[in-house]
Amino acid sequence: MPFPRSVKILSLLAALAAPLPVSNAADPAEEKQGEVVKVKRGPFRAVFESEAVFVPAQASEMSFSPQAYEGELRIAEAAPHGSRVRQGDVILRLDDEKARDALRAAVWTARAAERGLIDGKARHGELDSDAERDIGRAEKDLALAEKTLKGYVEISRALEKEEFEQGQRSLKHSIADQEDELAQLGKMYKEDQLTEETEEIVLKRAKRNLEETRTRLALYVRRNAYGEEFAEPVQREALENAVKDKRKALRDLRRGRESGRVLSQIEIEKLENEVSMARRRVERLRADLERMTFRAPQDGLLLHGTVDEKVAVNPLRRNATVPPHQPLVTVARPGQLKARFALKEKDRYRLAAGMPVAILPEALPDRRLAGSVEPVSGFPAPDNTWNAHVLFGHEDERLQPLLKAKVIVTIHDSMDAVTVPLGAVFRKGDRSICYLRGKSPFGIVPRTVVTGPDDGKTVVIREGLGEGDEVLLQEPAQ
């Protein structure tokens, strides 16, 4: 049976009035919050420290960048590192023996190219006259071949035919005459007008002559038939081919004359280019030879190596080889110096131009110089650092390029700043968050803050927190 509603209410009130059980365990909410720190207000100073080296504020680097010389570069003499030089002094000289050999060879090549160009132009000028002479001769040869063919077809063939017919008639007439003579001799023998011996001789001779004439006629007809069937076509074809060959030769000569003109002009242009290249090489080798002697561009301090990108002192010694296109010596103007230091990526945008800098030279531990950061620009070096410079003034002659120092850059200095440990700030997208432990029933409250500079451990809070606020050093579990 269900209890009445009034009984339920009395039971609930009794339970609320009962004392709570005592427990030594920590509140789960407390455990989830983790370590808590209070927001502080007071002085804050953030600095950046780095090893540095003094470099000249103004310097001229000198290298050898050959335009044409490709041989080895070897030092003949060099002024000592750190020596004082005056404008025009010889500070470095490279061995120029191979360069002089290369220059002589280039001069000879240029002279040969010039001679070739002269000959090429002469040949080009003679080309037309030679071609006209050859074409004229070819035209005459063609005309003679055509005339020979026409004479053979129209005259020689008719004469040969007429001669054959005349010869054939003559042989036939001779046969007829010999037949008549032989018949007459027969009649005479019958009438015994000759002796028996004479009769036999004469009759025998007449018969033999008649037979020979008949044979000669047969040979004559066969020879003519052979000529008509074989020899005449061959001769006609030979004459016709001669005409075709002469006509083709003339056509080739005319085409060759046009091609020869173009090719000759191309050859001249090539020779002119070779002459130009040879002369240019001579000029460049002469310039390279002159630049092998280094002279100081101004008064100053001579340094072996470079101070532009990275300080790299490379002592120059006699007979040592050196690379082209790389700084060999630097002439530093006396006076103003800069302190150079490497700026890592994490500090790249912490430093700004104009920030105050304290410079502590290692060689002068009692000196403390004041300077300011110069603007930093450009891309990082291969080691992902930037070259940063501190400009400062001094009148101490003891300070020289390449001396080491320490730079201390004041990033932020305030007597009244709100700060928290750097680990109490968390990034959420494009916002900075601190987890504030509130006194309300809601417990931990995320708070958006605006941060300022930091010193690697502590960060300035510009907006979002106040002195005494309690923030978590660990992001609470969700």
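Is Gly443 buried or exposed? Gly443 is buried, with a relative accessible area of 17%. Buried means under 20% relative accessible area, exposed means over 50%, and partly exposed lies in between (1.4 Å probe, protein chains only).

## The model

This is a predicted model: local features need pLDDT of at least 70, side-chain atom pairs count only at pLDDT 80 or more, and totals for chains, interfaces and linings use all residues. Residues are numbered from 1 along each chain as its sequence is written, and side-chain values use heavy atoms, with hydrogens and water left out.

## Around Gly443

Gly443 sits in the loop between strand S17 (431-437) and strand S18 (444-454). Helices (H or I, at least four residues) and strands (E, at least two) are DSSP runs, numbered from the N terminus.

Which residues does Gly443 contact, leaving aside neighbours within four places in sequence? They are Leu436, Arg437 and Gly438. Contact means heavy atoms within 4.5 Å.

## Nonpolar cores

A nonpolar core is a set of buried Ala, Val, Leu, Ile, Met, Phe, Trp, Tyr and Cys residues joined through side-chain atoms within 4.5 Å. The largest one has 29 residues. Ile91, Leu92, Leu94, Met292, Phe294 and Val329 have the most contacts inside it. Two or more residues come from each of strand S6 (90-94), helix H3 (97-190), helix H4 (196-291) and strand S10 (327-332). H3 gives the most, with five residues.

Take Ile91. Residues up to four places away in sequence are not counted, and Ile91 still touches several others, among them Met62, Ala78, Phe294, Leu302 and Val329. A second, separate core has 28 residues, including Phe48, Ala339, Leu364 and Val373.

## Aromatic rings

Rings of Phe, Tyr and Trp (its six-membered ring) pair if their centres lie within 6.5 Å; planes under 30 degrees apart count as stacked, over 60 as edge-to-face and the rest as tilted. The count comes to five aromatic pairs. The ring centres of Phe54 and Phe392 are 5.5 Å apart and their planes are at 50°, so this pair is tilted. Phe54 belongs to strand S2 (residues 40-56) and Phe392 to strand S14 (residues 385-392), so the pair ties together parts 338 residues apart in sequence. Both Phe54 and Phe392 are buried.

Phe426 and Tyr435 also pair: their centres are 5.6 Å apart and their planes at 55°, so this pair is tilted. Phe426 is buried at 15% relative accessible area, and Tyr435 is buried at 7%. Elsewhere, Arg348 lies over the face of Trp386, 5.2 Å from the ring centre. A charge sits over a ring if NZ of Lys or CZ of Arg is within 6 Å of the ring centre and within 35 degrees of the ring normal.

## Salt bridges

A salt bridge is a side-chain nitrogen of Lys or Arg within 4 Å of a carboxyl oxygen of Asp or Glu. The count comes to 32 salt bridges. Arg45 and Asp413 form one of them, at 3.9 Å from N to O. Arg45 is in strand S2 and Asp413 in strand S15 (residues 404-421), 368 residues apart. Arg45 is partly exposed at 45%, while Asp413 is exposed at 51%.

Other bridges stay within a helix. Asp130 and Arg133 meet with their closest N and O atoms 3.2 Å apart. Both lie in helix H3, three residues apart, about one turn of the helix. Asp252 and Arg255 also have closest N and O atoms 3.2 Å apart. Both lie in helix H4, three residues apart. Finally, Asp128, Glu132, Arg257, Glu258 and Arg261 are linked in a network of salt bridges.
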